[in-house]
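Here's a quick briefing to read with the model open beside you.

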Amino acid sequence: MELNDGNLQTLTEYLQKTLSPDPAVRRPAEKFLESVEGTQNYSILLLTVLEKSQNEVIRVCAAVTFKNYIKRNWRVVEDEPNKISDPDRTAIKANIVNLMLSSPEQIQKQLSDAISIIGREDFPQKWPDLLTEMVTRFQSGDFHIINGILRTAHSLFKRYRHEFKSNELWSEIKLVLDTFAQPLTELFKATIDLCQTHATDINALKVLFSSLTLISKLFYSLNFQDLPEFFEDNMETWMTNFHNLLTLDNKLLQTDDEEEAGLLELLKSQICDNAALYAQKYDEEFQPYLPRFVTAIWNLLVTTGQEVKYDLLVSNAIQFLASVCERPHYKHLFEDQNVLTSICEKVIVPNMEFRSADEEAFEDNSEEYIIRDLEGSDIDTRRRAACDLVRGLCKFFEGPVTGIFSGYVSSMLTEYAKNPGVNWKHKDAAIYLVTSLASKAQTQKHGITQANELVNLSEFFVNHILVDLKSPNVNEFPVLKADAIKYVMTFRSQLPKEQLLETVPLLVAHLQAESIVQHTYAAHALERLFTMRGANNTTLITPTEMAPFTEQLLNNLFKSLAIPGSSENEYIMKAIMRSFSLLQEAIVPYIPTLIGQLTHKLLLVSKNPSKPHFNHYLFESLCLSIRITCKANPDTVNSFEEALFPVFTEILQNDVQEFVPYVFQVMSLLLEIHTSSIPSSYMALFPHLLQPALWERTGNIPPLVRLLQAYLEKGATTIASTAADKIPGLLGVFQKLIASKANDHQAMCNEDTRIKIFILLFQRLQSSKTTKFVKSFLVFINLYCVKYGAIALQEIFDSIQPKMFGMVVEKIIIPEVQKVSGQVEKKICAVGITKILTECPAMMDTEYTKLWSPLLQALIGLFELPEDDSIPDDEHFIDIEDTPGYQTAFSQLAFAGKKEHDPIGDAVSNPKILLAQSLHKLSTACPGRVPSMLSTSLPAEALQFLQGYLQAATVQLV
C-alpha cells in the first residue's frame with residue numbers, strides 16, 4: 001500500500017465502517033482490514049491517520065486498531081508469515097515514542113500499550129535506545145510527556161512482578177536499573193517538592209499525584225524480584241517520602257464521589273503495597289522503618305470511612321497488616337491480648353459487614369459480584385483482606401483469635417434472631433466470620449482442605465445453615481441463602497456425606513430462585529459436589545443416589561437459563577455438563593427434549609458469541625449427549641445429525657470463527673460413531689475442508705486433522721472412487737502441515753499415499769526436524785513397515801535415493817526411537833523394527849548388516865530404558881497457544897475425545913515375545929548367523945534382556 005492521500009482516505013472510510021452497529025456494514029470492513037494488514041506500509045498508514053485525522057473518533061479508532069494489529073503480529077513466529085515488514089518495524093520504533101507523547105491521553109494510553117508489546121519482544125536487544133529516549137524526556141518539565149513516559153515504563157516493567165527468575169531477566173533488570181533508577185528517584189523528589197510549591201493549585205496537584213502514583217507502581221515492579229543495591233542505598237529517601245505521603249491529608253484532593261477512588265486514595269493504596277512488599281521480602285533491611293508504617297497504616301484504617309471509594313486503600317492497608325503479622329520477626333507486635341482485641345474490633349469486624357453498596361452489587365450487578373466473591377478475584381475487597389488478616393493472625397494466635405471471634409459470632413447471631421427481617425446482615429457477617437476463621441488451606445478443586453479444629457463446622461451447618469437452605473420460600477433473604485450455599489461449597493470436603501446428600505435436593509430447588517447470584521451459586525455448588533471423589537476414585541455422589549432428583553435437576557437447570565440475566569450463565573451450563581457426565585445413561589430418556597434446547601441455545605449464541613466459557617460447556621454438553629445416547633444405541637447418531645447439521649451449516653457459512661473448531665470436533669465424534677460408509681451429507685462437505693483459507697487459522701488445524709482422519713478411516717475407498725480429484729488437495733494440506741513446526745506432528749495422522757509423501761517428509765527432515773516431527777515420523781514409517789512389509793519400506797526408500805534406507809536406520813531410527821511415547825506408538829515402533837531386523841534380507845546380506853546389532857540394541861532400549869523426553873532448547877517455545885494472529889485458539893473438547901486406535905490390535909499382544917519368536921524364525925532360516933552377530937556386538941546387559949524374552953517365548957536361537 002502506497003503512502004498516498006487515496007489510501008489514507010480509503011483506510012479512514014473502512015475504519016469508520018468498523019464502528020457501525022450494523023453487522024452487514026461492520027463485518028465486511030473488518031474483513032477488508034484483515035486482508036490488507038499484511039501489506040507493507042499498512043501500519044504506517046494507520047499511524048498517519050492517527051496523527052493527522054481531524055476526526056477525534058477516527059483517531060482513537062486508528063489507535064485501538066494499531067495496538068491490536070501490533071498485539072497480533074509483532075511477535076515473529078517461525079514458519080508463520082511475517083505480516084510486518086522490516087522497514088515498517090524500523091519506522092514504527094523510530095516514531096512511536098514521539099507520537100505517543102504528543103497525543104491526547106486517550107490515544108497516548110493505546111500507543112503506550114503498543115510500545116510495551118513491542119518492548120516485550122524487542123527490548124533491550126532489538127531496541128537498545130528505548131530507555132535512554134524515555135529517560136531524556138524526564139528533563140522536559142512537561143508532566144503530560146512525563147506521565148506518558150511513566151505510563152509506558154509501567155506497562156513495560158510490570159511483567160517483572162510475575163516473570164520466573166532467569167539470567168536473561170536479571171541482566172534486563174540490571175540494565176533498566178542502571179539507566180532508570182537514578183532519574184526515577186530524582187523525578188520522585190522533584191515531584192514531591194512541586195506538590196509543596198503547588199499545594200493550593202488543584203489542577204497541578206492532580207497531574208503531580210498521577211505522576212507519584214505511577215512512580216510508586218514503578219518502584220514496586222523494580223523491587224519485586226530482589227532488593228536492588230540502588231534502592232537499598234536510597235531507602236531513606238524513598239521510605240521517608242512514602243511515609244509522609246501516607247500521612248498526608250490534602251483537602252483539595254478529597255472527592256465527593258462515594259464510588260470512585262480519588263488520586264490520594266490510589267497513591268496511598270500503592271504505598272501500602274510497596275510497604276507490604278518490603279515487610280514480606282526484605283524484612284531485615286526494612287525493620288528500622290516498619291514501626292512508623294504500622295502506626296501510620298493503623299491510623300489510616302481506624303479513620304477511613306466505609307465508602308466504596310476507599311475499598312482498595314483499606315484492603316491494601318489490611319493486607320499490609322496481614323503480611324506483617326505472618327512473619328516471625330514481627331510476632332511480638334501482636335502478642336498483647338488488647339492489641340488482638342483492638343484489631344478484631346476496629347479493623348476486622350467493621351470490614352466484614354455487608355454494606356448497602358454490596359447489597360446493590362448483589363442485586364443489580366450480579367455478574368461482577370459473582371466474579372469478585374466466587375472466583376477469588378475479590379483480592380481488592382475489604383472482606384477478602386479482613387479474611388486474610390484473620391488467617392494471618394491465626395498462624396501464631398489461633399486460640400485467642402478464635403476465642404475473641406466466637407464472642408462476636410454469638411452476639412451477631414443473637415441480634416439476628418431478635419428480628420431476622422431487619423437484622424439479617426448480622427447473620428451474613430457471622431457466617432463470613434466463621435468461614436474466615438475455619439479456613440486454613442483451600443484449593444479450587446476441593447474447597448477447604450484444612451480447617452481450624454476449634455470451629456465445629458458440622459454443628460454450625462445443622463444449627464445455622466440448613467435452616468436457610470430448607471426455607472420454603474427460595475426468594476426470601478437471597479443474600480443469606482447465597483451465604484448458606486457458599487458455605488456448603490466451601491466446606492464440602494469437611495462436611496460428612498450424609499449432610500451433602502441432604503443438601504442436593506435443596507440446591508436443586510434453589511436453581512429456581514429469582515436472584516441471579518443465588519441460582520448461580522446453587523448451580524456451581526451442585527457442579528462442585530458432582531466432581532467429588534469417594535472410595536475407589538468413583539464419584540462421591542452416585543447416579544443411583546441422584547435418581548429421585550434427576551428429572552427435577554435437569555428441568556430446573558434448563559429453566560434457570562430462562563431467568564432474566566442468566567441466558568448465558570457459564571456456571572449453569574457447566575452444571576448441565578457435569579450432571580450429564582455424572583448421570584450417564586440416566587439422561588437418555590430426556591435427550592430428545594434436551595438436545596432441542598441445547599441446539600436452540602447454540603443457534604442463539606452463534607449470532608454473537610460473547611461468553612467463551614459458556615460456549616465451551618455448551619459444546620461439551622452436546623458431546624456428552626451424543627456419546628451417552630449412541631453408546632446405548634449407535635443408530636441414534638442420525639437423529640443428532642438431523643438436529644445439529646442445520647445449526648452447524650449456518651455456523652460454517654457465516655464463518656463464526658469462535659465456533660468453527662468446536663463444530664469440526666463434534667462432527668468428528670459423529671462420523672466416528674458411524675459403522676458403515678461415509679454418509680452423503682459428509683461427502684458434500686469434504687471438498688470445503690481442503691480449502692487453504694480454513695487451514696490458515698491455527699485453531700482449526702487439530703480439529704480439521706481429526707475430522708480428515710475420520711473421513712479416511714471410515715471411507716478411504718469412497719474418497720478414492722468419488723473424490724479422486726481431491727487427493728492432490730489432501731496432499732497440499734499434508735505439505736502445509738509438515739512445513740510448520742507448530743503442526744508438523746499433525747501431518748502424520750493423514751495419508752499414506754506413497755512416494756510423494758515420503759519425499760515431502762524427507763525434505764522436511766532436511767530443513768528442520770523437531771522432536772514432535774521425528775516421533776511422528778518414526779511411528780509413521782514403522783506403521784508403513786507393519787502394513788506393507790520391511791522389504792517394501794527398504795525398496796521405497798532406496799528408490800527415492802540410493803542407500804537412503806541405511807541413512808534413515810542409522811541417523812533417525814537408532815538414535816531417536818527412545819523418544820517415542822505412548823503405548824500404541826511404542827508398540828507400532830517395536831513391531832516395525834522387529835520386521836526390519838528379521839524380514840528384510842538387505843539387513844543380513846549388504847552393507848546394511850553393520851546396522852543390525854545397533855538397531856536391535858535400540859529396540860531393547862525402547863523396551864527397557866525410560867523414555868527420553870528431552871527437547872532441544874530452541875523447540876520449547878514453539879507452541880500453538882503463543883501463535884499470534886486473528887484466529888480463535890483451539891479448545892479441546894474433553895467429551896469429544898477420540899478413542900485411541902491400535903492399528904496392530906490383538907495380532908501382537910506382547911512385542912517382546914514377537915521379537916523372540918521372529919529372531920528364532922530368522923536363526924532357523926540361516927543357522928549360526930544370529931548367535932554370532934549377537935555375541936560379537938551386543939552389550940552384555942542387552943543380551944541379558946534378550947535371553948529373558950527368549951525364555952518367556954520358550955524358544956532358542958540356532
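How many of the 14 residues of H28 are buried? Twelve of them are, so this helix is mostly covered. Keep in mind that this is a predicted model.

**Helix H28**

- H28 runs over residues 570–583, and its end C-alpha atoms sit 20 Å apart. That agrees with expectation, because 14 residues at 1.5 Å a residue should span 20 Å.
- The buried set is Tyr571, Ile572, Met573, Lys574, Ala575, Ile576, Met577, Arg578, Ser579, Phe580, Leu582 and Leu583. Note that Lys574 and Arg578 are on that list.
- What does the covering of these buried residues include? You'll find helices H19 (366–374), H25 (516–530), H26 (543–546), H27 (550–560), H29 (591–606) and H30 (612–632) among the elements that do it.
- At the start of H28, Asn569 has a side-chain oxygen reaching to within 3.0 Å of the backbone nitrogen of Tyr571.
- Just after the helix, Gln584 takes a positive phi of about 50 degrees.

**Salt bridges**

- Searching the whole structure turns up 36 salt bridges. As background, side chains of opposite charge can pair when their charged atoms come close.
- Lys83 and Glu37 make one of these pairs, with 3.3 Å between the closest N and O atoms. This one links distant parts of the chain, 46 residues apart: Lys83 is in the loop between helix H4 (56–73) and helix H5 (86–101), while Glu37 is in the loop between helix H2 (23–36) and helix H3 (42–52).
- Is Glu37 buried or exposed? Its relative accessibility is 1%, so Glu37 counts as buried. Lys83 has 28% and therefore counts as partly exposed.
- Asp311 and Arg382 also pair up through their side chains, at 2.6 Å from N to O. Asp311 and Arg382 are both buried.
- Glu672 bridges to Arg706, and their closest N and O atoms are 2.8 Å apart. The pair ties helix H32 (residues 660–673), which holds Glu672, to helix H35 (residues 701–722), which holds Arg706, across 34 residues of sequence.
- Glu672 is buried at a relative accessible area of 19%, and the cut-off is under 20%. Arg706 counts as buried too, at 9% relative accessibility.

**Polar side chains to look at**

- Arg697 sits in the loop between helix H34 (692–696) and H35. With a relative accessible area of 15%, Arg697 is buried, and its side chain makes a 2.6 Å polar contact with that of Asp655.
- Gln518 belongs to helix H25, and its relative accessible area of 0% makes it buried.
- The side chain of Gln518 has a 2.9 Å polar contact with the side chain of His510. Setting aside neighbours within four places in sequence, Gln518 is in contact with Val474, Pro478, Lys481, Ala482, Ile485, His510 and Ala513.
- Asn456 lies in the loop between strand E2 (447–451) and helix H22 (457–470). It is partly exposed, at a relative accessible area of 43%.
- A polar atom of the Asn456 side chain lies 3.3 Å from the backbone nitrogen of Ser458. Asn456 and Ala438 are 18 residues apart in sequence, with 8.6 Å between their C-alpha atoms.

**Cavities**

- The lining of the largest cavity consists of Tyr369, Asp373, Arg383, Asp428, Ile431, Tyr432, Thr435, Asp483, Lys486, Tyr487 and Thr490.
- H19, helix H21 (420–438) and helix H23 (478–490) each contribute at least two residues to that lining. H19 is also among the elements covering the buried residues of H28.

Note on methods. Residues are numbered from 1 along each chain as its sequence is written. This is a predicted model: local features need pLDDT of at least 70, side-chain atom pairs count only at pLDDT 80 or more; totals for chains, interfaces and linings use all residues. Side-chain values use heavy atoms; hydrogens and water are left out. A salt bridge is a side-chain nitrogen of Lys or Arg within 4 Å of a carboxyl oxygen of Asp or Glu. Helices (H or I, at least four residues) and strands (E, at least two) are DSSP runs, numbered from the N terminus. Buried means under 20% relative accessible area, exposed over 50%, partly exposed in between (1.4 Å probe, protein chains only). A polar contact is a pair of N or O atoms within 3.5 Å; within protein, one must be able to donate a hydrogen and the other to accept it, and residues adjacent in sequence count only if both atoms are side-chain atoms. The expected span of a helix is 1.5 Å times one less than its number of residues. Contact means heavy atoms within 4.5 Å. On a 1 Å grid over the protein atoms alone, a cavity is a set of points where a 1.4 Å probe fits but cannot get out, and a pocket is an open set with protein on both sides within 12 Å along at least five of seven lines; lining residues have an atom within 4 Å of a point.
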